[in-house]
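Here's a quick tour for anyone opening this structure for the first time. Have the sequence and the 3D view side by side as you read.

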Amino acid sequence: MIKINFNKVSEEYTGFECKGHSMSAPHGEDIVCAFVSSACFMAANTVTDVLGLDARAKATDGYMSLEIKNSPTPAQDILRGLVLHLTELQKDYPDNIKVTITEV
């Protein structure tokens, strides 16, 4: 299962951690994994390279994280959109994706 946890401080998202595999198909054919990976990469790249925020992004096989260091305000629409997108995917693939939000 892919587990995605979003961190929130004072009503603002500050980043996310995504880990695991959906196991919905063989490696290389797993569309659920591709959906999640693509969405997370787009959000992280937009925050770091388009908005230019001071953030740390990390990705390895089955793992991705984004941590915004300073003010996360400019990234809120992007992160809210990612939460919405992944929550909707969770509805379609409840055995493969779990989205949580942690208030820090």
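This is a predicted model: local features need pLDDT of at least 70, side-chain atom pairs count only at pLDDT 80 or more; totals for chains, interfaces and linings use all residues.

## A first look

**Lys8 and its surroundings**

- Is Lys8 buried or exposed? Its relative accessibility is 12%, so Lys8 counts as buried, the cut-off being under 20%.
- Setting aside neighbours within four places in sequence, Lys8 is in contact with Tyr13, Thr14, Ile101, Thr102, Glu103 and Val104.

**The sheet**

- There's an open sheet of 5 strands, and reading across you get β3-β4-β2-β1-β5, with mixed pairing.
- Which strands stand at the edges? They are β3 and β5 (97-103), and each has a single partner strand, so one side of each has no neighbour in the sheet.
- From one strand to the next, the twist averages 15°.
- In general, strands of a sheet pair through backbone hydrogen bonds, in either a parallel or an antiparallel way.

**How the strands pair up**

- Strand β1 (residues 2-9) pairs with β2 in the antiparallel sense, over 7 bridges. Within this part of the sheet, Asn7 stands opposite Gly15 in β2.
- Strand β2 (residues 12-19) also pairs with strand β4 (residues 63-68), again in the antiparallel sense, this time over 5 bridges. Look for Phe16 here: its bridge partner in β4 is Leu66.
- Strand β3 (residues 55-60) runs antiparallel to β4, and 6 bridges join the two.
- Two pairs to look for: Arg56 stands opposite Glu67 in β4, and Thr60 has Tyr63 of β4 as its bridge partner.
- β3 and β4 make a hairpin with 2 residues between them. In that turn, Gly62 has a positive phi of about 80°.

**The two helices**

- Helix α1 (residues 31-50) and helix α2 (residues 76-92) have axes that come within 10 Å and cross at roughly 175°. That angle is over 145°, so α1 and α2 are roughly antiparallel to each other.
- On the α1 side, the contact is made by Phe35, Val36, Ala39, Cys40, Ala43, Thr46 and Val47. On the α2 side, Ile78, Leu82, His85, Leu86 and Leu89 make the contact.
- What kinds of residue make up the contact of α1 with α2? They divide into 10 nonpolar, 2 polar and no charged.
- α1 lies across β1, β2, β3, β4 and β5, and runs at about 25° to β4.
- α2 packs on the sheet too, touching β1, β2, β4 and β5, and its direction makes about 45° with that of β2.

**The core**

- The largest nonpolar core has 26 residues. Which of them touch the most other members? They are Ile4, Phe6, Phe16, Val36, Cys40, Leu82 and Leu86.
- β1, β2, α1, β4, α2 and β5 each supply at least two residues of this core.
- α1 gives the most to the core, with 8 residues.
- Cys40 is a handy one to zoom in on: leaving out residues up to four places away in sequence, Cys40 touches Phe16, Cys18, Met64, Leu82 and Leu86.

- Met64 is in strand β4. With a relative accessible area of 6%, Met64 is buried.
- Apart from neighbours within four places in sequence, Met64 is in contact with Phe16, Glu17, Cys18, Cys40, Phe41, Ala44, Lys58 and Ala59.
- Met64 and Gly20 are 44 residues apart in sequence, and their C-alpha atoms are 9.4 Å apart in space.
- Now find Met23, in the loop between β2 and α1. Its relative accessible area is 66%, so Met23 is exposed.
- Not counting residues up to four places away in sequence, Met23 touches Met1, Asp30 and Asn96.
- How many Å separate the C-alpha atoms of Met23 and Asp77? They are separated by 30 Å, with the two residues 54 apart along the chain.

Conventions: Residues are numbered from 1 along each chain as its sequence is written. Side-chain values use heavy atoms; hydrogens and water are left out. Two strands pair if DSSP finds at least two bridges between them. Helices (H or I, at least four residues) and strands (E, at least two) are DSSP runs, numbered from the N terminus. Axes are lines fitted to C-alpha atoms, for helices over the stretch in contact, and angles run from 0 to 180 degrees between N-to-C directions. Angles under 35 degrees count as roughly parallel, over 145 as roughly antiparallel, 65 to 115 as roughly perpendicular and the rest as oblique. Contact means heavy atoms within 4.5 Å. Ala, Val, Leu, Ile, Met, Phe, Trp, Tyr, Cys and Pro count as nonpolar, Asp, Glu, Lys and Arg as charged, and the others, Gly among them, as polar. A nonpolar core is a set of buried Ala, Val, Leu, Ile, Met, Phe, Trp, Tyr and Cys residues joined through side-chain atoms within 4.5 Å. Buried means under 20% relative accessible area, exposed over 50%, partly exposed in between (1.4 Å probe, protein chains only).
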